[in-house]
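User: I would like to learn how to read a model like this one. Please take me through a few features in turn.

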Amino acid sequence: MNSQKPDNDRLAYHVGRINLSGLTMTKVILWLVALTIVSFVIGFGLLAFSGELPSSPENTASPFSQTARLTPNTTTVPLDGATSGSITIRMGAGEVTLRGNAPSTALIEATVFSKEPEWQPAILASRNGTEKIVTMTEKGHNGKEWFAVDSPNSWDVRITEIIPLNLSVEVGAGETSLELGSLNLASLAVNNGAGDTKIDLSHYRGGPLQAQINNGIGDMKIDFGDYRGGQLQAQIHNGIGDLTVRIDKTSNTRITVHGGVGDVSAEGIAKNNEIYTTAGFNPALPVSEIAISQGVGSIHLEAV
Amino acid sequence: MLQNEQEFIRIIRSRLEGTLPKDELDDIISDYSEHFMIGKANGRTDEELWSSLGSPEDVAREIRVMHLVKKAEDVRSCRNIFHAVVATLGLGLFNLVFVLVPFILLVMMLLFVFIMGVLFTVLGPVTFVYSVLQLLGIPSFAIWLSPLAGLFISIGMTTFGLLMIIGDYYLARFFYHAGIQYLKWNISVITGTERSA
């Protein structure tokens, strides 16, 4: 029998000759095709009938809870005639994005993507005279911590641009993206334990701003480019990670840097020991002060 | 360099020894000897016959390529097709674009399909076990939105992976055959061009 085997294609010969009680390769392939189709149809059918498979076009249809983008849960807190506001966002782990452009009658509009019920935040609103106070707090994790790390937990919060605000953001671990250029802020406090932080205050036109920004571990980018708001007082602390700060080159800005381990580079900014100033800096005029302390990592200052 | 029959034969032999079987090489040498013999009988000089045949290095290169392509056609193996492709590159630098690039892209595509097939085949049973453990109520293994659906999707993943591997094999066979035909066409175009030039 061996003499009948073609030398030119032994593998093809053997594959083609597989025969287990009449089971040829063609039959194996047909069985596999049938099994694949039936399995996927039943599996995704079960998900569809149970209502767990997202149908929204902006969400990725995935059978896995980790990668599923679930139907968002949106909550709106109305302005109710308030003339100022105080907003506190507290998240344990996940992604938080803050930006302006809330509906005209709303103080905030929060959209939460989260699978875990215990991760749905508690949103509490109260009044103190004409000030409206809102806290958005994650209720906390219990169990499933090992699994939950990669689960979707994403908050997208739109904030009013109409009234002045005190804004506080606290994130245990995760990505923080704050697009605040269109807001009117009185104060800003940001604390991120671990993860990257991005704060965009470019084109800011609001009143004087006091900012306290802390990042534990992770890279941080803060953009004050084209800042046209009131006097700026900012304190920035970055533990471990790279820090990039952009300022407006026409502003009257002084930056004090207390760097730890890592390089400090400056572009378009004059240096005098640990003090960096914009071109034409005049201490007699109102000064925007930025104080930076850095543990480990490089600092890049840039005037644009 | 002398342009006579002995030198022509010597170069051809030295270039093809080790590549062609001895009897095949002897046949080729015999053909060229006969060509010289008939030519000289008709009053042509060694130099004229040398010029009409072209450079012996080029002749040897073409014979080598054709032999390796034929060998790859007769005995299918990665090694043979690789040797054939490399030999074809020697026919001209432009074959870097017309042969080597398509060859590399093809190999990468086949490799990608194979790796994906293996990945699905291996991940299927793993996610199946996760489904079972999730059904048993162990939260650490809760990777599925629905564990029951996960059971079926895991089976589907495994069979799909197997189909990819099998499909990759047949795809490789198809492209092997098509590749040989392409190499033959490539050689005929190049040698034809050279002759006409």
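Analyst: We will go through confidence, a strand and a helix in this predicted model.

User: What is the mean pLDDT of chain A, and where does pLDDT stay under 50?

Analyst: Where pLDDT is low, predicted coordinates should not be read in detail. Chain A has a mean pLDDT of 81, with 80% of its residues at 70 or more. Residues 1-6 of chain A stay under 50, and the model gives them 3 contacts beyond four places in sequence. Residues 141-150 of chain A are also below 50, and this stretch has 13 contacts beyond near neighbours in sequence.

User: Is strand E13 of chain A enclosed or open, and which strands pair with it?

Analyst: Strand E13(A) covers residues 243-247; 4 of its 5 residues are buried, so the rest of the structure largely encloses it. E13(A) pairs in the parallel sense with E11(A), residues 220-224, over 5 bridges. It also runs parallel to E19(A), residues 299-303, again joined by 5 bridges. A:Arg246 in E13(A) stands opposite A:Asp223, and its bridge partner in E19(A) is A:Glu302.

User: How is the length of a helix checked, and which residues of H5 in chain B are buried?

Analyst: Count 1.5 Å a residue: the 12 residues of H5(B), 78-89, should span 16 Å, and the end C-alpha atoms are 17 Å apart, which agrees. The buried residues of H5(B) are B:Asn80, B:Ile81, B:Ala84, B:Val85, B:Ala87 and B:Thr88. Seen down the axis, they fall within an arc of 165°, so they line one face of H5(B). The face turned away from that buried side carries B:Cys78 and B:Arg79, which are exposed.

Key
Residues are numbered from 1 along each chain as its sequence is written. Chains are lettered from A and ligands numbered from 1 in the order in which they are written. This is a predicted model: local features need pLDDT of at least 70, side-chain atom pairs count only at pLDDT 80 or more; totals for chains, interfaces and linings use all residues. A residue is buried if 20 or more other C-beta atoms lie within 10 Å of its own, exposed if 12 or fewer, and partly exposed in between; C-beta atoms are placed from the backbone. Helices (H or I, at least four residues) and strands (E, at least two) are DSSP runs, numbered from the N terminus. Two strands pair if DSSP finds at least two bridges between them. The expected span of a helix is 1.5 Å times one less than its number of residues. The arc is that of the directions from the helix axis to the C-beta atoms. pLDDT is the predictor's confidence in each residue, from 0 to 100. Two residues are in contact if their C-beta atoms, placed from the backbone, lie within 7 Å.
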